[in-house]
Amino acid sequence: MKILELKDVHKIYDGSEVEVHAINGISLDFQEAEFAAIVGPSGSGKTTLLNLIGGLDKPTSGEILIDGTNLAKLKSSRLIDFRMRNIGFVFQSYNLIPVLTAGENVEFIMSLQKWPRQDREERTFELLKSVGLGSRINSRPAKLSGGQQQRVAVARALASRPKFVLADEPTANLDSKSATTLLEIMEELNREEKITFIFSTHDPRVVKMAHRVITLEDGKVISDENKH
Amino acid sequence: MIWKTAWKNIWRNHIRSVVVISSVVVGIFAGVFSIAVMIGAINQRIDAALNEEISHIQVTAKDFRTNYDPALTIKDSEKVISVINSIGGVENTCSRIIISGMANTATKSAGVQIIGIDPEKEKKIFSLNKKIMAGTGDFFERESRYNLALIGQDLAKELNIIRYYVDSTMLAELKTEGVPEDIVHRLSGLTGERFTSEKLFIKKLKLMFTTKEAARYGRIIREKAWSFRENSKLTLTFLDKDNYQVGAVFRLAGIYDIRNSMFEQTNVFVKNDELTRLVGITEDSFHKLIVRIDDTDNTDEITSSIRNKLPGYEVLSWKDLQPDLAMMTGLVHLYYAIFMIIILAALAFGIVNTMLMVVLERTKELGMLTAIGMNKKRVFSMIMLESVFMSLIGGVVGMIISWIVIQVTAREGINFSKYAEGFEAMGFSAHIYPQIDPIFFIEVTILIILTGVISSVYPARKALKLDPADALRTE
């Protein structure tokens with residue numbers, strides 16, 4: 001089932017002197033339960049593409065449809081709400097709320113969505129257990145290692161069962177062992193929860209684990225290879 | 001979750017939050033406590049007016065107040081008294097004779113109001129009988145062959161009935177009161193000298209001591225050097241009912257001190273039977289009927305009910321008689337609202353500044369929160385709650401501290417004796433017992449919450465303007 005569709009998307013930034021064509025006519029489809037990596041050199045447009053898909057930025061032209069909804073047509077308040085219900089985010093620098101515990105960070109979106117308390121707690125525990133942090137539910141982010149924090153971030157992204165999770169360089173700040181563990185966990189969750197993961201990276205070990213690899217260069221897709 | 005996060009966010013930067021909270025604590029304490037002192041002073045002033053000076057309601061014949069004609073007594077006095085006593089809420093009444101005249105001693109004279117009273121009935125309405133200065137006499141208790149007059153401390157000073165002299169007992173007392181040896185020693189040079197008036201004594205003290213010493217110890221020295229000429233006489237002269245001048249010699253019954261210079265200077269009390277005889281009116285006639293009621297809050301209601309039942313008389317409540325007091329009670333509420341608002345406005349600037357720093361520091365986090373789906377309303381509420389929590393913590397602590405300080409100081413009162421003359425000139429006691437109405441704390445709490453909300457608006461708007469993609473890029 002097609003959950004995400006990009007149709008001839010362009011993104012042009014108006015620099016002070018020159019226009020920057022960050023995304024140059026990209027068309028892509030994503031199905032349910034995909035595990036896709038977006039790779040390419042710095043400046044190839046990976047982050048811009050993820051921002052566009054995540055509705056954090058608007059395309060200059062072209063359409064991005066999530067389950068048939070055109071993101072560019074949503075008003076900003078509806079867009080935030082739409083993001084909350086449909087998209088999970090994992091950031092390069094974890095970005096957990098430092099004053100809340102691991103459990104509370106995971107629970108946060110569910111509580112914004114007004115899930116019943118018991119459901120929230122069950123889901124939080126279940127997710128933290130599946131990222132291997134069941135015992136750290138009451139730890140603050142500062143007490144966790146980088147790898148552990150990023151696992152909490154993954155659990156948070158999945159908490160409210162979004163259509164897909166976007167992860168911009170999720171392993172960039174991690175050592176190789178933590179990076180591998182994180183990817184294994186992501187892959188397992190992808191399988192179990194049937195949630196699509198789209199992540200950007202330039203770490204070859206991470207690329208190896210992806211099921212689909214989309215390579216960008218100068219804002220264009222130069223290869224889209226399905227390994228399964 | 002938003003509440004919890006906001007609460008926890010306050011404690012991210014302990015020092016900064018504690019500084020902001022402390023400023024609120026200090027501001028609220030300063031505001032609440034000074035208002036409590038002010039309310040205490042005003043209420044004491046009103047109590048003094050009601051208990052010692054005018055009571056609640058006064059009834060006179062029409063036109064009596066315009067020229068104080070002794071012939072304008074209250075007609076049908078028995079009927080008037082029984083009508084008033086039949087009104088609910090009336091506690092007691094007493095009658096007075098009011099005559100304008102002069103008080104003279106051998107050297108001085110002063111214009112006064114001579115008030116004829118029935119001491120027994122008077123005690124049920126006024127507490128003047130408890131304000132007689134020790135050693136000066138009593139409230140018409142003793143039998144005497146002479147006419148007796150009770151005068152105020154300030155009139156006694158003016159008429160040179162009070163004298164000042166320095167002796168060894170007085171010097172010893174000063175030492176026990178903690179006046180430095182050196183000052184006592186210099187003062188002992190005056191031993192044996194008599195000063196017939198306060199002015200002369202002060203003049204001498206000013207020559208002997210520096211301004212600072214005089215300000216610090218002048219009052220206590222004057223209090224200790226004070227002496228009262230026993231069996232002093234004064235002559236009261238006034239017009240009788242036929243406009244003939246009469247005069248009579250009175251012995252001092254005592255000297256009262258109610259810490260109100262104006263009142264003390266002008267009000268001389270004598271027994272009404274002595275006065276009726278001298279004025280030439282019948283013994284049971286009087287000019288003024290004073291009504292005490294059981295609840296000051298019912299003043300207006302009872303006043304108008306007396307007015308309705310006694311249309312031929314002038315009926316005035318304490319609010320009519322002392323409009324300044326009525327105004328003070330009315331204005332004090334407005335005044336302290338303005339006072340608190342000014343303090344809170346000043347505090348608001350500090351809170352705005354802190355919250356702006358908070359938004360700036362957390363740009364990335366706020367971007368993340370918007371990205372993952374926290375909408376504007378929630379971002380706004382979170383910032384607002386942080387600001388409200390900080391002001392409330394400070395406010396509550398400030399109010400608790402003020403409450404404790406008010407309780408402690410209310411027990412002994414605060415003595416502003418250094419400024420006593422100024423206070424007493426306005427009719428205020430210099431010994432103030434701070435007090436506060438608990439409702440006030442509720443009002444202040446509401447104002448504090450409002451301050452928190454208002455001071456979060458600008459920083460929160462800044463937070464709302466953040467673009468999540470840009471915010472996430474900041475380091």
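**Close-up views of a predicted two-chain model**

**Figure 1. Helix 7 and helix 10 of chain B pack against each other in this predicted model.** The axes of helix 7 (residues 168-176) of chain B and helix 10 (residues 211-225) of chain B come within 9 Å and cross at roughly 145°. Axes are lines fitted to C-alpha atoms, for helices over the stretch in contact, with angles running from 0 to 180 degrees between N-to-C directions. Helices (H or I, at least four residues) and strands (E, at least two) are DSSP runs, numbered from the N terminus. The crossing of helix 7 of chain B past helix 10 of chain B is right-handed; a crossing has this hand if the near helix is turned clockwise from the far one by less than a right angle, and is left-handed if anticlockwise. From helix 7 of chain B, B:M170, B:E173 and B:L174 meet B:I220, B:I221, B:K224 and B:A225 of helix 10 of chain B, where contact requires C-beta atoms, placed from the backbone, to lie within 7 Å. By class, this contact has five nonpolar, no polar and two charged residues. Ala, Val, Leu, Ile, Met, Phe, Trp, Tyr, Cys and Pro count as nonpolar, Asp, Glu, Lys and Arg as charged, and the others, Gly among them, as polar. An α-helix has 3.6 residues a turn, so residues three or four places apart point the same way.

The model is predicted, and local features need pLDDT of at least 70, side-chain atom pairs count only at pLDDT 80 or more, and totals for chains, interfaces and linings use all residues. Residues are numbered from 1 along each chain as its sequence is written, while chains are lettered from A and ligands numbered from 1 in the order in which they are written.

**Figure 2. Domain 1 of chain B meets domain 2 of chain B.** An automatic or database domain assignment supplies the bounds, dividing chain B into domain 1 (2-48 + 325-473), domain 2 (56-160 + 230-321) and domain 3 (162-228). Between the C-alpha centres of domain 1 of chain B and domain 2 of chain B there are 49 Å. Seven residues from domain 1 of chain B and eight residues from domain 2 of chain B form the contact. On the domain 1 side, helix 15 (323-361) and helix 18 (420-425) of chain B are the elements that give two or more residues. That side has four nonpolar, two polar and one charged residues. For the chain as a whole, the radius of gyration, taken over C-alpha atoms, is 31 Å, whereas a compact globule of 475 residues would have a value near 23 Å; the globule rule is 2.2 Å times the number of residues to the power 0.38. Along the principal axes, the C-alpha atoms of chain B fill a box of roughly 100 × 65 × 30 Å.

**Figure 3. Chain B touches chain A.** The contact brings together 19 residues of chain B and 20 residues of chain A. Helix 1 (2-10), helix 16 (363-372), helix 17 (376-412) and helix 20 (468-473) of chain B each supply at least two residues of the chain B side. Helix 16 of chain B gives the largest share of that side, six residues. Eight nonpolar, five polar and six charged residues make up the side of chain B that touches chain A.

**Figure 4. Helix 16 of chain B is mostly covered.** Seven of its 10 residues are buried, a class that requires 20 or more other C-beta atoms within 10 Å of the residue's own; a residue is exposed at 12 or fewer and partly exposed in between, with C-beta atoms placed from the backbone. The buried residues of helix 16 of chain B are B:L366, B:G367, B:M368, B:L369, B:T370, B:A371 and B:I372. B:G373 follows helix 16 of chain B and has a positive phi, near 120°.

**Figure 5. Helix 1 (residues 46-53) of chain A is largely enclosed by the rest of the structure.** Eight of the eight residues of this helix are buried, namely A:K46, A:T47, A:T48, A:L49, A:L50, A:N51, A:L52 and A:I53. Just after helix 1 of chain A, A:G55 has a positive phi of about 75°. Of the 228 residues of chain A, 46% count as buried.

**Figure 6. A:R205 lies in helix 7 (residues 204-209) of chain A.** A:R205 is classed as exposed because 12 other C-beta atoms lie within 10 Å. Leaving aside neighbours within four places in sequence, A:R205 is in contact with A:S176, A:A179 and A:T180. A:R205 and A:T180 are 25 residues apart in sequence, with a C-alpha to C-alpha distance of 7.8 Å.

Technical notes:
Two residues are in contact if their C-beta atoms, placed from the backbone, lie within 7 Å.
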